[in-house]
Amino acid sequence: MNAEGDRRVIALIDMDCFYVQVEERENPNNKGKPACVVQYRKWKGGGIISVNYEARAAGVTRQMRGDEAREKCPDCILYRVPERRGKADLTKYRDGGKEVIDVMCSFGVCVERASIDEAYIDMTMVIEQTLLGYTATDINVEELPNTHFVGWENGTDDVKGVHGWLKALSKEDCNDNDWKLTLGAVLVEKMRAAIYEKTGFRCSAGIANNKMLAKLACGINKPNKQTVLPFTSVQEFFTTFPLKKVRNLGGKLGLTLREELQCTTMADITRIPEKILQERFDTKTGTWLYWYARGIDHDPVSSRRLPKSIGCNKNFTGLAALDSEDKIGHWLEELCAEVSERLEKDRGTNCRLAKLLTVTVRLEGDIRPYSYTRSLPLHSSYDKTRMAKSCLAVVMKENPCKQGNSKTPWVVTCLGVSASKFVDQLESSSRIDRFFTQSKASKQSTIPNTENEESVDEEPLHRKDELYDLHADQEEEEFGMTEIDNIPTETNASNIIAPESHVGQISDLSKEIFQENKEKSSGASSPCRSREKNENVKKTGFFASRSLKKCVPIPHSSEESIAQSSQVNPVNQTTFSIEEIFPDLNQVDMETLALLPPHLRRQVLQAIQSKQGNEGTDEFVVCDKCKEQFLKEEIGEHNDFHVAAELQKEFSLQPSTSRSSVNNLEGSKVVKNSSKRPLKNQKNATKDTKRSRTIESFFGSSV
Ligand code: TTP
């Protein structure tokens with residue numbers, strides 16, 4: 001860490017009053033009129049979830065119900081979220097969000113979809129490779145028509161601070177970082193204009209050196225504006241900025257800071273020594289907070305344009321609470337029907353398969369978002385009935401009344417179903433099978449370790465706090481953020497241009513393999529591959545020749561990867577070693593590990609253990625029931641496996657009519673949460689490739 005922050009150029013683009021804009025695009029005659037989107041009209045006009053800026057000017061807020069909005073502003077149009085299967089159908093909003101992401105990706109930058117209507121963008125590579133040859137005189141005020149510079153606003157003369165900023169920038173000793181941020185701002189202006197042109201949606205943006213700063217900058221000037229927060233303005237800005245508005249500090253952590261440590265602004269945190277923060281929280285969190293309060297955040301933007309999980313949930317409050325197995329079963333069927341439908345669509349579009357189904361339950365009286373969560377393996381079927389039965393079985397297993405342990409009625413107030421752990425469809429069907437089939441036939445092959453090569457970013461601290469805050473006031477239905485509320489995905493970079501940080505983590509050999517793979521893919525290919533190929537063509541539009549140098553395509557199918565890997569590292573499969581499956585034991589992919597037969601899994605765990613020596617041994621525990629070794633954090637979920645196995649046994653003792661439902665259990669085995677070991681952070685390696693072109697000509701060709 002250092003006190004100067006890092007030198008990335010990051011933007012957060014957030015759509016303005018997004019749901020209302022989606023409705024307005026369908027009803028163009030209503031554009032410019034005050035409007036809100038409400039969920040459920042039943043009670044007092046429904047709960048407002050999005051308010052356009054015309055309605056905000058008339059005093060309407062998201063905290064109101066539809067009827068109150070009409071009282072405040074009689075002309076206010078109330079659009080209602082469509083409903084399907086008794087719950088909100090967010091399809092059109094999700095699709096609108098995808099359209100926007102497609103436009104962003106066409107600029108060749110690293111895009112991380114962060115929610116239904118916002119995305120982080122890392123422009124560092126593009127800017128460093130292509131734009132540093134420009135001088136400040138190449139940029140004029142017209143290129144930054146909607147840009148504000150924090151700390152540079154000057155009364156009525158220079159309201160946005162753009163004149164003063166550009167003037168300072170043209171001085172000899174101008175700061176390189178400020179210069180890059182300015183280029184980022186020019187690029188984001190172009191990107192926002194392209195989004196408007198292609199989708200009709202307006203958005204706002206924040207531009208800064210990291211995700212936290214970009215996010216808070218984005219909220220400063222809305223709608224249809226963008227704000228640059230230079231690192232040099234951060235400390236001053238933080239003296240008044242409330243910490244509860246900062247990304248990751250909206251939840252429990254922020255509450256502790258406010259209530260126990262009396263911090264209300266970000267600057268207040270800087271007065272607390274690092275050691276005290278470490279003692280109050282833990283070493284990692286304390287250090288992270290210490291730097292975070294100084295405007296430093298190394299959370300990388302991870303290429304992700306596809307959601308990491310697909311799911312939905314529903315709240316059942318008051319009389320609607322679910323107090324019987326039949327009601328719970330009914331709603332699980334409805335939720336699974338939606339998830340199954342969306343998964344099928346996702347499979348068709350993105351050629352990937354979800355491997356894990358997670359059901360979440362909140363019980364009456366519990367103030368936490370969820371009382372418990374259970375996960376099951378999802379085999380290749382997305383059969384909604386099977387999914388629902390599996391979920392019901394694991395949900396009801398927790399019912400203490402059913403087990404005769406409690407007299408208290410067991411009432412469910414929220415149910416959620418979500419599918420995750422996506423793998424490439426081709427890879428899914430062939431990877432492990434192929435490995436073992438080929439080994440039987442003594443063929444030469446090895447499992448490609450593509451997921452390890454791609455790397456997983458370390459999970460940022462407290463990422464979910466913000467989401468919980470968002471949902472805290474919602475009375476009825478969650479707005480479907482489960483689709484995208486998670487940590488960056490690690491399996492789908494085949495669809496995207498790899499971010500710089502990832503590229504740096506890929507070995508030279510892998511680069512060669514990937515490069516070769518890219519060349520090969522120009523030949524005949526499966527439908528999936530041809531789709532990806534087309535996407536690549538589309539994506540490279542804006543920065544095509546400029547940014548591709550560092551963009552390493554990840555192999556899409558195991559077929560290719562196996563073939564390539566075997567050329568590089570032929571092995572005799574009759575006696576294959578663990579290293580062939582996991583070449584680097586520091587980066588074992590737990591998902592792949594979970595798919596191995598027990599004896600191999602044990603071998604891998606033992607190898608990791610002996611590699612790590614005594615230091616690592618306490619990471620593992622032995623299961624009492626099956627004597628297998630597991631990572632400490634996995635043992636809880638592994639115990640669920642035994643519970644589910646017992647459950648299946650119980651079911652199989654029942655008469656044959658009810659047994660059919662058992663056979664439908666999704667394997668009945670509760671899967672361990674597979675986690676990946678994060679690769680160690682590596683410094684972004686960047687090169688300055690200076691070119692002499694004008695900004696105008698550069699951007700001119702792109703939009
Ligand atoms: P936001 O980006 O929070 O809000 P917004 O886009 O409506 O308005 P702004 O211009 O201030 O950004 O949320 C994006 C969409 O998510 C929003 O249009 C509706 C939906 N949503 C809910 O359904 N429930 C919620 O509690 C929130 C906060 C948003």
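How many of the 703 residues of the chain count as buried? The share is 57%, where buried means under 20% relative accessible area, exposed means over 50%, and partly exposed lies in between (1.4 Å probe, protein chains only). Before going further, please keep in mind that this is a predicted model, in which local features need pLDDT of at least 70 and side-chain atom pairs count only at pLDDT 80 or more, while totals for chains, interfaces and linings use all residues. Residues are numbered from 1 along each chain as its sequence is written, and side-chain values use heavy atoms, with hydrogens and water left out.

Let us start with the overall picture. The chain has 29 helices and 17 strands; these are DSSP runs numbered from the N terminus, with helices (H or I) of at least four residues and strands (E) of at least two. Among contacts (heavy atoms within 4.5 Å) with a separation of 6 or more, 72% join residues 24 or more positions apart.

Now step inside. A nonpolar core here is a set of buried Ala, Val, Leu, Ile, Met, Phe, Trp, Tyr and Cys residues joined through side-chain atoms within 4.5 Å. The largest such core holds 55 residues, and the members that touch the most others are Ile13, Met104, Val109, Ile121, Met123 and Ile207. Helix H7 (residues 176-199) gives this core its largest share, ten residues. Take Met123 as a guide: leaving aside neighbours within four places in sequence, Met123 is in contact with Val9, Ile10, Ala11, Val109, Gly184, Leu187, Val188 and Ile207. Another core of 36 residues lies apart from that one, with Cys110, Tyr120, Leu249 and Ala293 among its members.

What about the cysteines? The structure holds zero disulfides, a disulfide being a pair of cysteine sulfur atoms within 2.5 Å. For Cys105, the nearest cysteine sulfur belongs to Cys110, 8.9 Å away; Cys105 counts as buried because its relative accessibility is 3%. Cys203 is likewise in no disulfide, with the sulfur of Cys218 the nearest at 8.3 Å, and a relative accessibility of 1% makes Cys203 buried.

Finally, have a look at an open sheet of three strands, ordered S3-S2-S4 with mixed pairing; two strands pair if DSSP finds at least two bridges between them. Strands S3 (47-51) and S4 (77-80) are at the edges and have a single partner strand each, so one side of each is left without a neighbour in the sheet. Strand S2 (residues 35-39) pairs with S4 in the parallel sense over four bridges, and Val38 stands opposite Arg80 in S4.
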